[in-house]
Amino acid sequence: MNIAYWIVAGLLGLFYLYAGGVKVVRSRDGLRPMMAWVDSTPMPAVRAIGAIEVLGAIGLILPPLTGIAPWLALAAAIGFEALQIGATRVHLSRGDRRIALNLTLIVAGAVTIWLATTWL
């Protein structure tokens, strides 16, 4: 279980660290080719989502690694589930049916939640 957690959480953490970092530092024009939804979303909200993703990625890795408040890994995984469910709803409400990545992240998040219970 421990090895499985580190594999899944590590991959999920890397994804969200990159995706969140991009949202924090790139301009709207730089984000548009990857994320069409940024046109109708205020940039402070995009930046906030990016910051949440970066902090969540840190929350998946650091607490279990250091042994300090390891329950935060579970909280981060639950937060990512909520984030992806919301993201899927946004895509579907705008007529965008390309949600395969969102669904993959929902499954990976669910597995991470299950595996993160080992820290409790």
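I started with the side chain of Asp-96, which reaches the backbone nitrogen of Arg-98 at 3.0 Å. I took a polar contact as N or O atoms within 3.5 Å, one able to donate a hydrogen and the other to accept it, with sequence neighbours counted only if both atoms are side-chain atoms. This is a predicted model, where local features need pLDDT of at least 70, side-chain atom pairs count only at pLDDT 80 or more, and totals for chains, interfaces and linings use all residues. Numbering runs from 1 along each chain as its sequence is written, and side-chain values use heavy atoms, without hydrogens and water.

Asp-96 sits in the loop between H4 and H5 (helices are DSSP runs of H or I, at least four residues, numbered from the N terminus). I noted Asp-96 as buried because its relative accessibility is 18% (buried is under 20% relative accessible area with a 1.4 Å probe, protein chains only).

Next I looked up the largest nonpolar core, which has 14 residues, with Tyr-5, Leu-12 and Phe-80 among those with the most contacts inside it. I used buried Ala, Val, Leu, Ile, Met, Phe, Trp, Tyr and Cys joined through side-chain atoms within 4.5 Å as a core. H1, H3, H4 and H5 each give two or more residues to this core, and H4 gives the most, with 5.

I then checked Phe-80: leaving out residues up to four places away in sequence, Phe-80 touches Tyr-16, Glu-53, Gly-56, Ala-57 and Leu-60 (contact is heavy atoms within 4.5 Å). I also found a second, separate core of 7 residues, including Leu-31, Trp-37, Met-43 and Val-46.

How values were computed:
Buried means under 20% relative accessible area, exposed over 50%, partly exposed in between (1.4 Å probe, protein chains only).
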